[in-house]
Each structure stands twice: as structure tokens, then as C-alpha cells.
Amino acid sequence: PIFDDESTLFDHIAERSIPIIDKFQPQELSNMAWSYEKANVKNPPLFIAVAKQILELQRLGKFKPQELANILLAYAQAGMSHHKFFTKVADLIFSP
């Protein structure tokens, strides 16, 4: 749906989620990123907030492989890049 201010439901969800993103569990972050990808919705501030939250709290190791795959797919489909986040994921994947 489009609201009177020309924003969408996804805009409103992102706007309300970003300030409380530190409360989201790994699966919730993954599901949110995945849903934006499936709906073909780009919201750079949300994607930046997701990566920042994961990096700041060093939560990367708490993610299941499928959760990380969903987030990475969402970033790729949205054309989003976050070098530091991608580097940390690669380090995790290729660490002994």
C-alpha cells in the first residue's frame, strides 16, 4: 500500500525498525532482509543498519548459515554493498 505521504508499508516498517534494530535476533534480521529482497524493495538505511548492528555487536558468529545466506542474497538483489560486513562474512566462512 501507498500512504498519503507517498511512502509504503515497507518504508514504515524500516523507519520503525531501525531505532530498535539492536533488539532483533539473528533470525529476525535475516527474515527482514529476506522479505525486502522478495518484495523487491530497496531501503538503504535499513540495510546499513542491519550490517552495522551485526558488526558492532560482533554477532556474526551467532548467525546460522541460512540466515547469513538470506542476508547476503538480499544485499546482492538490492544492489547494496557494505565492504566491512562482506569482509567479516568472508573471514568467518574461510576461517579454519
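**Before you start**

The model is predicted, so local features need pLDDT of at least 70 and side-chain atom pairs count only at pLDDT 80 or more, while totals for chains, interfaces and linings use all residues. Residues are numbered from 1 along each chain as its sequence is written, and side-chain values use heavy atoms, with hydrogens and water left out.

**Stop 1: α2 and α3**

Select residues 26-38, which form helix α2. Helices here are DSSP runs (H or I, at least four residues), numbered from the N terminus. The two axes come within 11 Å and cross at roughly 155°. An axis is a line fitted to C-alpha atoms over the stretch in contact, and angles run from 0 to 180 degrees between N-to-C directions. α2 and α3 are therefore roughly antiparallel. That label takes angles over 145 degrees; under 35 is roughly parallel, 65 to 115 roughly perpendicular, and the rest oblique.

Now show the side chains. From α2, L29, M32, A33 and Y36 make the contact; from α3, L46, F47, V50 and I54 do. Contact means heavy atoms within 4.5 Å. What classes of residue meet here? Eight are nonpolar, with no polar and no charged residues. (Nonpolar covers Ala, Val, Leu, Ile, Met, Phe, Trp, Tyr, Cys and Pro; charged covers Asp, Glu, Lys and Arg; the others, Gly among them, are polar.)

Turn the view to see how α2 passes α3: the crossing is left-handed. In such a crossing the near helix is turned anticlockwise from the far one by less than a right angle; clockwise would be right-handed.

**Stop 2: α4 and α5**

Look for L68, I71, L72 and Y75 on α4, facing F85, F86, V89 and L92 on α5 in the contact. By class, the contact has eight nonpolar, no polar and no charged residues.

**Stop 3: α3 and α5**

Keep α5 and bring back α3. These axes come within 9 Å and cross at roughly 50°. That makes α3 oblique to α5. The contact joins A51, I54 and L55 of α3 with K84, F85 and K88 of α5. Four of these residues are nonpolar, none is polar and two are charged. The crossing of α3 and α5 is left-handed.

**Stop 4: the largest pocket**

Rolling a probe the size of a water molecule over the atoms shows where empty space is left. On a 1 Å grid over the protein atoms alone, a cavity is a set of points where a 1.4 Å probe fits but cannot get out; a pocket is an open set with protein on both sides within 12 Å along at least five of seven lines; lining residues have an atom within 4 Å of a point. Points are joined across faces, edges and corners, and volume is the space filled by probe spheres set on them.

Select I54, L55, E56, Q58, R59, L60, G61, K84 and K88, the lining of the largest pocket. Its volume is about 170 Å³. Which helix gives the most to this lining? α3 does, with three residues. The lining holds three nonpolar, two polar and four charged residues.

**Stop 5: the cavity**

The whole structure has one cavity of 30 Å³ or more. The largest cavity holds about 50 Å³ of space. Select Y36, E37, N40, V41, K42, F47, A74, Q77 and A78 to show its lining. α2 and α4 each give two or more residues. α4 gives the most, with three. Five lining residues are nonpolar, two polar and two charged.
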